[in-house]
Each structure stands twice: as C-alpha cells, then as structure tokens.
Amino acid sequence: MKIGIFDSGLGGLIIAKSLIQAMPQYPFVYFGDTKHVPYGSRSYETIYEFSRNCIDYLFRTQDCRLVIIACNTASIAALRKLQQEYLPINFPERRILGIIVPTLEYVAQRGLRNIGLLATEGTIRSGVYGEELAKIDPSIKVYSVAAPLLVPLVENDGDKFAPAIIHEYLEKFSGTGIDSIILGCTHYPHYKKLIKEQACEVLGCDIEVISQDEILQESLSDYLHRHPEIEQDITKNESPIFITTDITGAYLAQANRMFGRKIEILSATVQNMGS
C-alpha cells in the first residue's frame, strides 16, 4: 500500500518533493487535479466533490493506505466531511489527513503572536486560521491577505510577473506589526525565496516565513510512529508515482521545474461519484 498526496494542481509537487526526499523509504503517489485548478474561488460543495472523486481514485486504483490533502482550501472545505461521511462508508480502515493542523501546531510551538496569512480567497474566507489559533491562545492575532494571482502564476510559468505582484501583496501587511507570514497555499513555497527577500525589504528582516513544505515531514513521520498499524501496511522502497487529471506540454515543463528534475506524469480520468 502507498501514501497519497492530493493537491488542487501542481503546487503540491513542492510538498511531494520534500516528503520524498525526507522519507525515501515510502512509496508516494502524487495526484494533482490540474483539470480543475484553482480551487480557491470555488464553492465548498464543488471543492468537496472534486476532492472526494480524486481521493477515491487514489484509494481504489493506487491502493493508498493514507492520503494527505496537501491543499489548504481542500483541507478546509472537504477534509472533515471526507473523514466523517466518506471514509466510514467506503474505506473505514484508511485515513485522510490535512495540512492545516500541522501548520497550526508549528505556529503554536514557535510562540508567534502577530501572524500574517498569505492565502487563497477560499482559505481566508473560512477564517479557520484565526479561529483555531485563538483556541490555542486568544492573544494571537492573524492578519490575512488574499493572493489569488499566485496560483495561476505557478501553474502557468508566470515567474517573471511574480516580483511585482508579491511586493504588492506584502505591502498590505505594512503597519500590522506581524512577526511571521504563513504561506497558506501549497503553491506559494514555489516563491518562498522571493517572498523572504521582499518581506525583508518591505516589512523587516526579522519576519519569519512559514512554508508548509518545511513542516509536513516531521508531522507525517510522527503520525506514522504513533500509528504502527498504518505504517506496517505501507510497502517500502518503491518509486514515486505522479498523476494529474490534465497534462499538457506546458504543465509537464512546469512540473519538472517545480520538482527539480524530470519526472514522468501519468494522466488519469476521474469518475464522478455523484452526491
């Protein structure tokens, strides 16, 4: 059995790369729903439908024991319903994890108090980061800035336009006194270095940039350690698999750039399960 990594597009390849490098003994299957990217501006009902169909594909055709939703928007809009309604009926012994909780746990451990959140419109609209961090510590403040253009830039090789757009987004944090910025979308670490450089210029060089590709390895390793019954089911030492719902030459070239080497990407047709 394998570990699935699901994302709304190619952005999760950054998460996949970090997990594959840190945990090479495990067989990972990356699945990007490039046919429907971006998720950030869609309704929760639509995001749930897309996410459920893709995760069902990973369970039924790729024999995944565990699937990680490496997408903030899908984690917010679909994870709970998938765990509470879809899994018990279809795959009661398997598990689906999200990316929000590991990020919240990291922030809590760091003792940060004035946090900037750079995220999609859907993630910000949910208010989940502010609500959950307030439960951990009511004194924590979250200042949110929607960055809807970053996902299309990543997906469509728009790097040359990124500096001006990122600078404009970061300027919206001016005067807030933030001590950190959460990159609240798995596409955003593609611009991690640029965001760090521009945050230093715009907001001060003591701003910590929290990138989810640097968080998830420890969280997944700890989860597998606490659940040996899952870890023991996972086959060891198999090559990673990469799948998308739509692949073009441009997508393939961008995927290779994001992953850092040439990878073979398979195309999948995902069946709509209905309501």
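Tyrosine 39 is buried, with a relative accessible area of 1%. Phenylalanine 50 is also buried, at 12%. In this predicted model, the ring centres of tyrosine 39 and phenylalanine 50 are 5.8 Å apart. Their planes meet at 35°, so the pair counts as tilted. The pair links distant parts of the chain. Tyrosine 39 belongs to the loop between strand 2 and helix 2, and phenylalanine 50 belongs to helix 2, eleven residues apart. Phe6 joins Tyr39 and Phe50 in a cluster linked by ring pairs.

The structure holds seven aromatic pairs. One of them is formed by phenylalanine 31 and tyrosine 57. This pair is tilted, with 5.2 Å from centre to centre and 50° between the planes. Phenylalanine 31 lies in strand 2 (residues 28-32), whereas tyrosine 57 lies in helix 2 (residues 44-62). The pair therefore ties together parts that are 26 residues apart in sequence. Phenylalanine 31 is buried, with a relative accessible area of 0%. Tyrosine 57 has a value of 17% and is buried because the cut-off is under 20%. A ring also meets a charge in this model: the charged end of lysine 81 sits over the ring of tyrosine 48. The distance to the ring centre is 4.4 Å.

Nonpolar packing comes next. In soluble globular proteins, nonpolar side chains tend to be buried together. The largest nonpolar core here has 71 residues. Within this core, Leu19, Phe28, Leu118, Leu150, Ile181 and Leu224 touch the most other members. Helix 1 (residues 13-22) gives the most to the core, with six residues. Leucine 19 touches Ile5, Phe28, Ile68, Leu216, Gln217 and Leu220, when residues up to four places away in sequence are not counted. Another core lies apart from the largest one and has 27 residues, among them Val67, Cys71, Tyr86 and Ile96.

Leucine 150 lies in helix 8 (residues 150-155). Leucine 150 counts as buried, at 0% relative accessibility. With neighbours within four places in sequence left aside, leucine 150 is in contact with Leu118, Ile165, Ile166, Tyr169, Tyr188 and Tyr191. Tyrosine 191 is 41 residues from leucine 150 along the chain, yet their C-alpha atoms are separated by 8.8 Å.

The cysteines complete the picture. The model has one disulfide. This bond joins cysteine 200 to cysteine 205, with an S to S distance of 1.6 Å. Cysteine 200 counts as partly exposed, at 27% relative accessibility. Cysteine 205 counts as exposed, at 59%. Cysteine 54 is buried, at 2% relative accessibility. The closest cysteine sulfur to that of cysteine 54 is in cysteine 71, at 10 Å. A disulfide needs sulfur atoms within 2.5 Å, so the sulfur of cysteine 54 is too far away for a bond. Cysteine 185 is in no disulfide either. The nearest cysteine sulfur to cysteine 185 is that of cysteine 71, 6.5 Å away. Cysteine 185 counts as buried, at 7% relative accessibility.

Technical notes:
Residues are numbered from 1 along each chain as its sequence is written. This is a predicted model: local features need pLDDT of at least 70, side-chain atom pairs count only at pLDDT 80 or more; totals for chains, interfaces and linings use all residues. Side-chain values use heavy atoms; hydrogens and water are left out. Rings of Phe, Tyr and Trp (its six-membered ring) pair if their centres lie within 6.5 Å; planes under 30 degrees apart count as stacked, over 60 as edge-to-face and the rest as tilted. Helices (H or I, at least four residues) and strands (E, at least two) are DSSP runs, numbered from the N terminus. Buried means under 20% relative accessible area, exposed over 50%, partly exposed in between (1.4 Å probe, protein chains only). A charge sits over a ring if NZ of Lys or CZ of Arg is within 6 Å of the ring centre and within 35 degrees of the ring normal. A nonpolar core is a set of buried Ala, Val, Leu, Ile, Met, Phe, Trp, Tyr and Cys residues joined through side-chain atoms within 4.5 Å. Contact means heavy atoms within 4.5 Å.
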